[in-house]
Amino acid sequence: MMTEKMEQYISGLKKTTKEKEFNKLYKIFKIIEEYEKINEKSVEEFSFDEIKQMFNKQKYSNVCLLRSFLVKYFNHLVMMGDLEENIFNKGGLGIDNLFTEEKILITEHEAEKIFTSCHEILAKFIFSSLYDGLSLNDLAELKIYDVDIQNKSIKTKSGYIIVSDRTIELIPELLKESK
């Protein structure tokens with residue numbers, strides 16, 4: 001039931017993504033296909049509740065990858081003019097609302113480690129970026145020229161991700177602190 005748009009997007013990913021990483025994404029494509037069959041419509045047409053239901057039924061190992069892929073895919077559709085707005089940017093589909101109590105993005109210990117080993121602004125940027133849909137790999141590979149402040153987006157290997165005002169506001173602070 002996958003739409004032609006998603007098939008084209010996946011085809012582009014296959015060309016630009018390492019085989020090992022693409023194979024991880026393949027599992028995500030199958031999850032999306034399964035929920036498209038259950039809901040009898042494409043993921044682009046899912047409601048807030050249908051998206052949330054899909055996330056709440058996943059294993060921890062799939063949740064972050066699924067959210068990251070969908071945020072990037074929906075941002076791509078918005079940039080192409082095929083979607084009016086990314087449902088993840090509407091609020092209510094943030095990490096804290098998608099995960100059940102046992103499904104957390106990082107542990108309290110890991111969060112504490114980031115805050116104690118990083119400058120406060122860098123830690124805020126990391127958490128804000130994760131919330132916006134970037135992965136830790138995206139952040140590790142981030143270069144200053146990947147940031148488009150005017151369009152509030154960050155370029156990753158799989159395309160542009162529209163980020164929150166908070167993430168954009170932290171970038172000049174981060175650059176100032178790094179000098």
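Which residue in β3 does K155 stand opposite? Keep that one in mind while we get our bearings.

What you have here is a predicted model, so local features need pLDDT of at least 70, side-chain atom pairs count only at pLDDT 80 or more, and totals for chains, interfaces and linings use all residues. Residues are numbered from 1 along each chain as its sequence is written, and side-chain values use heavy atoms, with hydrogens and water left out.

Let's start with the overall layout. The protein has nine helices and three strands; helices (H or I, at least four residues) and strands (E, at least two) are DSSP runs, numbered from the N terminus.

The strands form an open sheet in the order β1-β2-β3, with antiparallel pairing; two strands pair if DSSP finds at least two bridges between them. β1 and β3 (159–162) are at the edges with a single partner strand each, so one side of each has no neighbour in the sheet. β2 (residues 153–156) pairs with β3 in the antiparallel sense over four bridges, and a hairpin takes the chain from β2 to β3 through two residues. And the residue facing K155 is Y160 in β3. Another such couple is I154, which stands opposite I161 in β3. As a rule, side chains in a regular strand alternate between the two faces of the sheet.

K152 lies in the loop between β1 and β2, and it has a positive phi of about 50 degrees although it is not a glycine. K152 is partly exposed, with a relative accessible area of 34%. For these labels, buried means under 20% relative accessible area, exposed over 50%, and partly exposed in between (1.4 Å probe, protein chains only). E40 does something along those lines: its phi is positive, about 55 degrees, although E40 is not a glycine. You'll find E40 in the loop between α2 and α3, where it counts as exposed at 67% relative accessibility.

Next, the inside. Buried residues make up 41% of the 179 residues in the protein. The largest nonpolar core has 40 residues, and V43, F69, L70 and F74 touch the most other members. Such a core is a set of buried Ala, Val, Leu, Ile, Met, Phe, Trp, Tyr and Cys residues joined through side-chain atoms within 4.5 Å. At least two residues of this core come from each of α1 (4–16), α2 (19–39), α3 (48–56), α4 (60–79), α7 (120–132) and α9 (165–178). The biggest giver is α4, with eight residues. To see the packing up close, click on F69: leaving aside residues up to four places away in sequence, F69 touches M6, Y9, I10, L13, L25, I28, F29 and I32. A contact means heavy atoms within 4.5 Å. Across the protein, 59% of the contacts with a separation of 6 or more are between residues 24 or more positions apart.

Charged side chains come next. There are four salt bridges, each being a side-chain nitrogen of Lys or Arg within 4 Å of a carboxyl oxygen of Asp or Glu. One of them joins K72 and D138, with the closest N and O atoms 2.9 Å apart. Another bridge brings E50 and K41 together (3.1 Å, N to O); E50 is buried at 15% relative accessible area, while K41 counts as partly exposed at 24%. K30 and E33 also meet in a salt bridge (3.2 Å, N to O). Those two are three residues apart in helix α2, so about one helical turn separates them.

The protein exposes about 10,700 Å², and carbon and sulfur atoms supply 51% of it; accessible areas come from the Shrake-Rupley method with a 1.4 Å probe, and for residues only the protein chains shown count as cover. I144, Y145 and L175 make a nonpolar surface patch of about 360 Å². Patches are made of residues with over 30% relative accessible area and no salt bridge, with like charges joined within 9 Å and nonpolar side chains (Val, Leu, Ile, Met, Phe, Trp, Tyr) within 5 Å. Y145 is in the loop between α8 (136–140) and β1 (147–148), and Y145 is exposed, with a relative accessible area of 67%.
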